[in-house]
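Take a guided walk through this structure.

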Amino acid sequence: MIVAHASRPYPMSRPAPGIVEQDPNDWVTRIVAIMDELLTGDRARRVAAVGLCSQVNTDIFVDAEGQSVAPAITWQDNRAASQAAELDLSISMDEKLAWWGAPMPVGASHVLARMLWMAREKPALYAKTRYVLTPKDYCLRALAGVAVTDPMSNFFVVGQDLAYVAPLIARVAGAAERFPPLHFFTDVVGEIALGSSGLRAPVVAGTMDAWSGLFGAGVHRAGEGVYISGTSEIIALAGERVGAPGVVTFPNAAGLSVHAGPTQSGGDALRWWGEAIGRDVAGVIELAGKADRSGRPILFLPHLEGERAPLWDANLRGAFIGLDGQAKAPDFALAVMEGVALSARMLLGALEDAAGGPLPRLFHAGGGAHSDLWAQIRADSLGRPLDRMAYLDVGCLGAAIMASVGVGAHESLGDAIRSMTRVERSFEPDIRMKPRYDALYETYIKATERLKPVGIIGR
């Protein structure tokens, strides 16, 4: 049962094309503020344990005192694209299969590419760096005083044995000593301050948003999967350990072989379009609801900052295609929502190849799942029923699930997941919309391929 919920926004900085940063101290101050809001009365004394999760492919270079030496380089940031390409070319297919069991790409958001960029472009800052941390681990360092991480948050430098891949890390000078020790995500790693209450509680290592969201959305066995809609779209499937190009195949953990992938833009595309037309995200969704979904569609390619899974192309750029003189504001808003759903369809196809077969339905969660319209568009585009969870912030719920197992409140992750999650509503695909989305998807594939050269203009 969810007792209380609170959140705080924080700013994003885009000082130059391809550069997307955040101030990591914003995360810590907001966590403290949220704890103070939530832990009123005697609640602080009733806290049994704390769990954290966060975005990954966001890297913070910190000194020996845990202070950041530069802004956090976020998952949308493409500054290290050339270093990533250099590293990827240095890794043979045999090495990828031996380390990860799948042909995992090295993209611009890879931590080693960022380390190489920092070592070359900001050598004085790299010399000051003691650890390179994920956001979750930065907050653990600030609030619990421990420098630790977990294997899943470091899937890009961890092998199938859940240990760091030494031959890979050795390709960047000084990288090995800048990674913190690994702990399983239900391990209690210390105590965390409960806001300004003066009290502390056990805290577990936790893990990344995809795995935490997987648990919080109810996935605990093979043949299940989740579609999480946030700033980007994340789909994660538990299935056979097969692997496929363009997606992340995680080491087996908690009895699950998980394949996952993040797109580059989800709710962020609605934010962008809203800013362009002077509306907030809710206003864009309201506009889209006025469009005729059976009318002539506009195709939107949501590659505003390149694309991650399954394409991993930092140079891709977005487009509206198929405009005519009848196109109005609602049609553009609908196109943005449909374009994001089409990017998820491309990702789902790659993930189902990796997992060894199609999944009959998916759990659905995340901030973007609030909209009934968008949930239906996604179900129609994917051709899969979506079971929307009762509590949509499944990353936070997954963190609580891991914490409950860490302190023994539940015997296993499966027990905790069954006890703490439930479906609120199901969205069945409308068979009448199948021709529309099949045609849009076919054009989406062709347009993405043919517009690749456009991404290099002006660079």
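Buried means under 20% relative accessible area, exposed over 50%, and partly exposed in between (1.4 Å probe, protein chains only). This is a predicted model, where local features need pLDDT of at least 70, side-chain atom pairs count only at pLDDT 80 or more, and totals for chains, interfaces and linings use all residues. Residues are numbered from 1 along each chain as its sequence is written, and side-chain values use heavy atoms, leaving out hydrogens and water.

By that cut-off F332 is buried, at 17% relative accessibility. F320 is partly exposed, at 23%.

Now the rings. Rings of Phe, Tyr and Trp (its six-membered ring) pair if their centres lie within 6.5 Å; planes under 30 degrees apart are stacked, over 60 edge-to-face, and the rest tilted. The structure holds 18 such aromatic pairs. F185 and W211 make a tilted one, 5.9 Å centre to centre with 40 degrees between the planes. F185 is buried, with a relative accessible area of 1%. W211 is buried too, at 0%. The F320 and F332 rings have centres 5.1 Å apart and planes at 80 degrees, so this pair is edge-to-face. Helices (H or I, at least four residues) and strands (E, at least two) are DSSP runs, numbered from the N terminus.

Of its 13 residues, 10 are buried, so α14 is largely enclosed by the rest of the structure. Among them are V394, L397 and I401. G408 follows α14, with a positive phi near 85 degrees.
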